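Q: Could you walk me through this one, starting with the metal site and then moving on to how the domains meet?

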Amino acid sequence: MRILYLLLSIIFVSSCSEEKTAKQRPNIVFIMSDDHAYQAISAYDNRLIHTPNIDRVAKMGILFTNASVTNSICAPSRATILTGKHTHINGKTDNHFPFDTTNVTFPQLLQEAGYQTAMFGKLHFGNNPKGFDQFKILPGQGVYYNPIFITKNEGTYEVEGYVTDIITDMTLDWLENERKADQPFFLAYLHKAPHREWLPAERHIAEFAQKTFPEPATLFDDYSGRGTAAKEAEMNLLHHMNWAGDSKIYPEVMDQLGIPDASGWDKGAFEREVGRMNLTQRANWDKVYQPMNEAFIQAFPNMTDEDKMRWRYQRYMQDYLGTIASVDENVGRVLDYLEANGLMENTIIVYTSDQGFYLGEHGWFDKRFVYDESFKTPLLVAWPGKIQPGTKSDELVQNLDFAQTFLEAAGIPQPEDMQGESLMPLLTGETDKWTRDAVYYHYYEYPSIHMVKRHYAIVTKEYKLIHFYYDVDEWELYDRVNDPQELKNVYDDPAYKEIREKLHEDLEALREKYGDSSEISQKLLEEYLDKLRGTEQRLAPSFKKVGGD
Ligand code: SGN
Ligand code: CA
């Protein structure tokens, strides 16, 4: 009898503690926007916009000021986040061709270990995510107004309204009606905004269209201190933005003013987005953009190139930041829900972007380069009770690290072939356990839109050594401390000889550590060119420019 009693109490105690561990495993809310520059989050920089809700995450937790991506472009960044591996290992080199779903992703591991998993918003993989109990995702890039969703259980359908609000409604609906109280959860809440072509919600158009924003110091950069890659990139606000799609000049106004549709895509882009609006949405749009177009018709004949650059910068910021206003409001709705439902205590909340973005710095929009504005990405993490509120970290952390961080937090072993490091020591204040002093970067999508050349790099807190290859063979070296705007390549400066040599050695060591090499680059390049030969239309002009057939 006594033995039976002892046995029963052991079983009872151990099942209690199992239940406790299961309950203690944290929920994870992973919030990611698309192309959200850190310059447009007030926790980093309050000159452009006030984002009180996103800032709340940093106030409750930690703000990383040196977070970066391994490859600054959408789908490859997402593949690195989900696999914890560099591009050359997970195979997702570009936005054009689908993700290899034989890769193991961390949500699959969380799901196997008993997490309830859900994804809402933009994935951009060309196929559906694995390891999710529920998903409602946009096809490809998705659209801002009346978007279409591909869903796990209800087929594909259109939802009337504004994309950022709808993704949030779906997320809140899942939290309220599908979340199981007895399981920890992983929720991926992924915005399309503020991706090009920057269509703000009806409620924000007028507010932002009348604002004026400070210009960046390098708006009129002539790229003289850099190599061919910066000079040949097609990301300049004056020369490469679409008038209709990006700047919201009506197609008929372009015709009236004799502005050519250079890309053949320009008016189409306008039609693709604005053309989807219902009558009320379109009326609210016209209320603001009709007078803007009329003023433009008057001003255009007398505008110099400098005037046009300035005008385009303001138009760009008005729309880009307008889309962020609704991201911030909606992040607030989700945080409020977590708070009101007792879900803050044991939940890791991450706010990040798939990469950074140029907001007129170097005269650019878009991303891709390892230069700071696109290499760095916002990263704010809250975990009440674990992370000291108001912490800041300037450590070199990357999107490569998310998978292992979440696995460690969930008490799941980290697969040995994952290439990041768990951020846990930085989250919990054990900073001496963090030893990384350099990170690796590799960008592949060339030839393609924006024509940013292939390059790889090593980045330390002080320096950046970059190799541009394929149709050039050029090295660049930047002194991040003395030249934070990266205006002067000092690769050939004798004063940097020793630093340069040391960085070359460290770069080789990093490439070896991560298993990258010139042979792999060559193989990936050939595969990419082969696949391009099989595509038509949009990619073709870029392909021809580099002598493709
Ligand atoms: C589209 C955009 C590009 C952008 C890519 C990739 N043009 O092609 O400006 O670089 O997406 O963006 S658009 O006229 O179609 O908007 S990413 O964030 O998905 O990588
Ligand atoms: Ca992106």
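**Calcium site and domain contact**

A: Along the chain, the donors of the calcium ion (ligand 2) are spaced as D-D-x318-D-Q, donors being N, O and S atoms within 2.8 Å of the metal (3.2 Å for Na, K and Ca), with water not among the atoms, so sites may look incomplete. This is a predicted model in which local features need pLDDT of at least 70 and side-chain atom pairs count only at pLDDT 80 or more, while totals for chains, interfaces and linings use all residues. Residues are numbered from 1 along each chain as its sequence is written, chains are lettered from A and ligands numbered from 1 in the order in which they are written, and side-chain values use heavy atoms, with hydrogens and water left out.

Q: Which residues coordinate the calcium ion (ligand 2)?

A: The calcium ion (ligand 2) is coordinated by Asp34 (OD), Asp35 (OD), Asp354 (OD), Asp354 (OD) and Gln355 (OE1), at 2.1 to 2.8 Å.

Q: OK, domains now: how is the protein divided?

A: An automatic or database domain assignment gives domain 1 (2-198 + 326-428), domain 2 (211-317) and domain 3 (441-546).

Q: And how many residues does the contact take from domain 1 and domain 2?

A: Counting heavy atoms within 4.5 Å as contact, domain 1 gives 29 residues and domain 2 gives 32 residues, and the centres of the two, taken over C-alpha atoms, are 32 Å apart.
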